[in-house]
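Student: I would like a close look at a single part of this model, taken slowly and with the terms spelled out.

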Amino acid sequence: QVQLVESGGGLVQAGGSLRLSCVASGRTFRMYTMGWFRQAPGKEREFVGRITRGGGSTDYADSVKGRFTISRDNAKNTVYLQMNSLKPEDTAVYYCAADLSSTMTSPEYWGQGTQVTVSS
């Protein structure tokens, strides 16, 4: 069992930055590909990005590529989402997820989410 707890959300002006953190319980964190998703009001949850178990590879949705960066610290059981050049359309609840496979198509575990609001 893995529990994920996100933090770092808040209100920021357009063009600003935020860094989200997701801390995982347990000693198996390094076994999981970690991902970030988001869900805006009235919309379906969408993939933001993911990072491989060792942290050597990442990929991102086109909508955030070049602005968002995912990293992880396996010693701290933590994955991060650095968000720069934020836009109002980035407003959403952001979730981290853990997937034993590399696909991130059906993660086994989800965090409770953290709200990010970007004002124009």
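Student: Which residues have the most contacts inside the largest nonpolar core, and how many residues does this core have?

Tutor: The model is a predicted one, in which local features need pLDDT of at least 70 and side-chain atom pairs count only at pLDDT 80 or more, while totals for chains, interfaces and linings use all residues. Residues are numbered from 1 along each chain as its sequence is written, and side-chain values use heavy atoms, with hydrogens and water left out.

The largest nonpolar core has 30 residues, and those with the most contacts inside it are Leu4, Met34, Trp36, Leu81, Met83 and Tyr94. A nonpolar core here is a set of buried Ala, Val, Leu, Ile, Met, Phe, Trp, Tyr and Cys residues joined through side-chain atoms within 4.5 Å; buried means under 20% relative accessible area, exposed over 50%, and partly exposed in between, with a 1.4 Å probe and protein chains only. At least two residues of this core come from each of the strands E3 (18-24), E4 (33-39), E5 (46-51), E7 (68-73), E8 (78-83), E9 (92-99) and E11 (114-119), where strands (E, at least two residues) and helices (H or I, at least four) are DSSP runs numbered from the N terminus. In soluble globular proteins, nonpolar side chains tend to be buried together.

Once its neighbours within four places in sequence are set aside, Leu4 is in contact (heavy atoms within 4.5 Å) with residues including Cys22, Met34, Cys96, Tyr109 and Trp110. Leu4 belongs, with Glu6, to the covered face of strand E1 (residues 4-7), whereas Val5 and Ser7 make up the uncovered face. In a regular strand the side chains alternate between the two faces of the sheet. E1 runs antiparallel to E3 and is joined to it by four bridges, two strands being counted as paired if DSSP finds at least two bridges between them; within this pairing, Ser7 stands opposite Ser21 of E3.

The whole structure holds three aromatic pairs, and rings of Phe, Tyr and Trp (its six-membered ring) count as a pair if their centres lie within 6.5 Å, with planes under 30 degrees apart called stacked, over 60 edge-to-face and the rest tilted. Tyr32 and Tyr109 form an edge-to-face pair, at 6.0 Å centre to centre and 70° between the planes. Because Tyr32 lies in the loop between E3 and E4 and Tyr109 in strand E10 (residues 109-110), this pair ties together parts that are 77 residues apart in sequence. Tyr32 is buried, with a relative accessible area of 7%, and Tyr109 is buried too, at 18%. The rings of Phe37 and Phe47 have centres 5.7 Å apart and planes at 75°, so this pair is edge-to-face; Phe37 lies in strand E4 and Phe47 in strand E5, 10 residues apart. Phe37 is buried at 8% relative accessible area, whereas Phe47, at 26%, counts as partly exposed. Together with Trp110, Phe37 and Phe47 form one aromatic cluster.

Among contacts between residues at least 6 apart in sequence, 55% join residues at least 24 apart.
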